[in-house]
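Let's take a walk through a protein fold together. Have the sequence and the 3D view ready, and follow along.

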Amino acid sequence: SMAAFRRNSSSIAGSLLGMWKAYSSAATAIPKPSMERILHCFDESGRKEIAAALSALPRLDLSRRMPRRAAVLLPLCIANNTPSVLFTLRSLSLNRHSGEVSFPGGMMDPTDPDITATALRECSEEIGLSQAEVLGLWHDVPNKDRNVAVTPVIAWLGNIDIAQLTPCADEVQEIFAVDLKTLVDPANRSLQASSRGLLSLCVCVCV
């Protein structure tokens with residue numbers, strides 16, 4: 001039950017912190033994936049593997065705990081002939097989260113049939129891309145105010161020419177990509193702990 005989860009949250013957080021410390025001490029021993037393996041991740045068979053893993057994921061759904069919902073699109077792509085993840089830099093003129101690196105996303109509209117549609121709509125509005133191969137959903141996470149359940153939607157965008165994208169000037173300052181080889185290299189990671197309400201999150205940051 002939720003009450004039992006609250007009672008055990010401190011021990012769960014302690015276990016996660018122990019895992020973070022163990023990971024941090026062993027990070028340099030983690031082998032770097034080969035470029036062949038990285039390239040395979042985004043070919044047709046690799047995408048099927050990702051979709052199957054996401055489909056089997058016993059994902060955390062916060063929609064009952066937090067009725068307000070939002071989505072972000074985590075865009076996998078080929079940029080500059082390299083497997084990459086697409087990011088946006090939020091406009092400096094925004095009142096909230098200005099100048100932050102983010103994924104395309106926003107609040108669910110009443111007209112959105114589901115949370116996946118929210119992510120695709122926001123991607124179209126923010127960076128001008130409406131076509132994507134949705135691979136699945138990751139665990140929900142709460143927003144900073146702990147009153148919105150945010151669902152990451154993992155999607156494949158194909159080959160992208162960033163120069164040809166049309167960012168929404170009111171929301172997006174810049175669109176850029178980070179290649180997957182850089183993101184998965186343990187040398188480029190640091191660990192940050194963040195506790196949000198009932199959840200303790202392990203965040204692996206590319207530096």
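We'll look at one strand and its neighbours, then at some aromatic rings. Keep in mind that this is a predicted model.

Start with strand β7, residues 149-160. Is it mostly covered or mostly open? It's mostly covered, with 11 of its 12 residues buried. Now see who sits beside it. Strand β1 (residues 69-79) runs parallel to β7, and 10 bridges join the two. To find your way, look for Ala71, which stands opposite Thr151 in β7.

Strand β5 (residues 133-137) also pairs with β7, but this time the two run antiparallel, with four bridges between them. Here Val134 stands opposite Ala155. Pro142 has Ala149 as its bridge partner in β7. β6 and β7 form a hairpin with six residues between them, and in that turn Arg146 has a positive phi of about 60°.

Now for the rings. A pair of aromatic rings is described by the distance of the centres and the angle of the planes. The count here comes to three aromatic pairs. In one of them, Phe87 and Phe103 are stacked, 5.1 Å centre to centre with 20° between the planes. Phe87 is in strand β2 and Phe103 is in the loop between β3 and β4, so their pair ties together parts 16 residues apart in sequence. The centres of Phe87 and Phe176 are 5.7 Å apart and their planes are at 15°, so this pair is stacked too. Phe176 lies in strand β8, so here the parts tied together are 89 residues apart in sequence. Ring pairs link Phe87, Phe103 and Phe176 into a cluster.

Methods
Residues are numbered from 1 along each chain as its sequence is written. This is a predicted model: local features need pLDDT of at least 70, side-chain atom pairs count only at pLDDT 80 or more; totals for chains, interfaces and linings use all residues. Side-chain values use heavy atoms; hydrogens and water are left out. Buried means under 20% relative accessible area, exposed over 50%, partly exposed in between (1.4 Å probe, protein chains only). Two strands pair if DSSP finds at least two bridges between them. Rings of Phe, Tyr and Trp (its six-membered ring) pair if their centres lie within 6.5 Å; planes under 30 degrees apart count as stacked, over 60 as edge-to-face and the rest as tilted.
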